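Welcome! Here is a short briefing on charged side chains and how they pair up. Please have a look at the sequence and the model first.

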Amino acid sequence: MTEPSRIYLSREDIAGLVARLAGEIDGNYRDRPLALIGVLRGCFVFLADLARQLQAPVRRVDFVRVESYGAKMVSTGSPRIVQGIPRESITGQDVLVVEDIVDTGATTAAVLRYLRRHGPASLSLCALLDKPSRRQVDVSVDYVGMTIPDHFVVGYGLDFDQRYRDWPDIWVVEPAHED
């Protein structure tokens, strides 16, 4: 892999997307307490910023952790939940799943299936970035920050092999070409 090559979204652009998403979510959940469920690890920065922007009451924040990438730039296609949440934390609650990026849809679909078994009153999905050109599993994203082409991106919580999560902007990484 080569190093990140150019800024795709600046921190100011990201802040604008987060504010717009919070407004859309508030329009639907104005007086309904929400349980925010983040998909670790990439969502943690986005979830924190989104939670601070929401006017809707946030009843709880919890996280599920899924492994699907390892040290690769493409998903293994076989996500598995390695850290779940207690059933009682979302049973009967309005739940908003927060994702950094929806790519193939496999990880997101696995998380949604897992959470549906916990009996939420409602289940919605918010993603900062959506990459539908790579979709292999049908997933509907209720709140989309931005649809992007097939770029591998890092920063603002997104990583490659655990690197770059702390970068405040989102960068494009061009794959290394082998000769």
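What follows is a friendly tour of some salt bridges in this predicted model.

As a general point, side chains of opposite charge can pair when their charged atoms come close. In this structure the count comes to 12 salt bridges.

**A pair in helix α1**
- Arginine 20 and glutamate 24 join their side chains in a salt bridge, with 2.7 Å from N to O.
- These two residues sit four apart in helix α1 (residues 11–29), so about one helical turn separates them.
- Arginine 20 is partly exposed, at a relative accessible area of 34%, and glutamate 24 is partly exposed too, at 31%.

**A pair in helix α2**
- Arginine 52 and aspartate 49 also meet through their side chains in a salt bridge, at 2.4 Å from N to O.
- Both residues belong to helix α2 (residues 44–53), where they are three residues apart, about one turn of the helix.
- Arginine 52 is exposed, with a relative accessible area of 62%, whereas aspartate 49 is partly exposed, with 23% relative accessibility.

**Glutamate 67 and arginine 65**
- A salt bridge links glutamate 67 with arginine 65, and their closest N and O atoms are 3.5 Å apart.
- Glutamate 67 has 36% relative accessibility, so it counts as partly exposed.

Key
Residues are numbered from 1 along each chain as its sequence is written. This is a predicted model: local features need pLDDT of at least 70, side-chain atom pairs count only at pLDDT 80 or more; totals for chains, interfaces and linings use all residues. Side-chain values use heavy atoms; hydrogens and water are left out. A salt bridge is a side-chain nitrogen of Lys or Arg within 4 Å of a carboxyl oxygen of Asp or Glu. Buried means under 20% relative accessible area, exposed over 50%, partly exposed in between (1.4 Å probe, protein chains only).
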